[in-house]
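Good morning, everyone. Please have a look at the model on the screen, and then we'll walk through a few spots in it.

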Amino acid sequence: MNRLTSPLLKTLLVTSLTVFGGLPAAMAASAATAPAVKADPAKGGALYEAGDAARGLPSCLSCHGAAGNSTIAINPKLSGQFATYTHKQLVDFTTAHRQQPIMTTYAKMLTEQEKKDIAAWLATQAHKPGAAKNKETVELGRKIYRGGIAEKGVAACASCHGATANGIPAQYPRLAGQHQDYTTAQLEAFKTGTRANSPQMTVLSQRMSPEEMRAVADYIAGLR
């Protein structure tokens with residue numbers, strides 16, 4: 001009986017391996033070649049402006065202003081920011097690396113697609129410039145931004161964020177015109193460890209005094 005059924009068993013085994021063993025590979029190949037979903041700025045803008053009442057997701061306008069030009073000093077301006085950077089921050093808010101009660105709550109409510117859509121829309125919005133306010137510290141701020149603090153091992157901000165603080169796409173954010181209070185608060189957060197999503201900024205901020213942070217933040221506000 002074994003001699004009679006052996007060929008049949010072999011045929012069944014080969015067929016099974018071909019059909020069922022090949023299926024996952026085919027699915028993997030299909031997934032690998034599937035085009036990445038693109039961001040939709042129009043949808044991002046609509047969600048930014050109106051929120052989603054059905055999910056309890058509020059409009060972003062109340063905190064970050066029309067077109068991302070916040071008028072509240074402690075809330076960042078988001079207009080004109082690189083989409084890759086804004087998207088990364090929205091993702092980071094859902095992790096232990098960057099916790100902020102309001103943003104963590106809302107970021108967790110957004111889908112991955114929605115994070116990309118909002119980030120893409122903000123990147124297209126015109127950025128309104130700011131202005132330095134403290135004439136007594138603007139020179140110190142300029143020196144730190146352009147030349148760093150050699151004796152403390154603080155690198156020049158311009159080396160990563162550019163001479164006019166317009167950043168480097170996908171690597172370092174645009175800082176020009178940002179509110180002084182917000183920039184100072186983020187430097188302090190990096191220093192204390194309450195924000196831990198940039199090892200470089202953690203190291204540099206720990207070497208800066210509060211006065212130096214405020215001076216460079218004020219200088220940055222006036223860049224454009």
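Alanine 170 sits in the loop between α8 and α9. Helices here are DSSP runs of H or I with at least four residues, strands are runs of E with at least two, and both are numbered from the N terminus. Keep in mind that this is a predicted model: local features need pLDDT of at least 70, side-chain atom pairs count only at pLDDT 80 or more, and totals for chains, interfaces and linings use all residues. Residues are numbered from 1 along each chain as its sequence is written, and side-chain values use heavy atoms, with hydrogens and water left out.

Back to alanine 170. Its phi is positive, near 70 degrees, and the residue is not a glycine. Is alanine 170 buried or exposed? Exposed, with a relative accessible area of 62%. The cut-offs: buried is under 20% relative accessible area, exposed is over 50%, and partly exposed is in between, using a 1.4 Å probe and protein chains only.

Now alanine 165. This residue also lies in the loop between α8 and α9 (180-192). Alanine 165 has a positive phi too, about 65 degrees. But alanine 165 is buried, at 0% relative accessibility.

Next, the annotation. Which residues does UniProt place under "binding site"? Cys157, Cys160, His161 and Met201, from an unreviewed entry. They span 45 residues in sequence, yet no two of their C-alpha atoms are more than 11.9 Å apart, so they gather at one spot. A caution: UniProt positions are in the numbering used here, feature names are shortened, and annotations may be inferred rather than shown by experiment.

Take two of those residues. Cysteine 157 is in the loop between α7 (138-147) and α8 (158-161). At 19% relative accessibility, cysteine 157 counts as buried. Contact means heavy atoms within 4.5 Å. Leaving out residues up to four places away in sequence, cysteine 157 touches Ile144, Tyr145, Gly162 and Val216.

Histidine 161 is in helix α8. Histidine 161 is buried as well, at 10%. Beyond four places in sequence, its contacts include Tyr145, Tyr172 and Leu175.

Leu175 brings us to the last stop.
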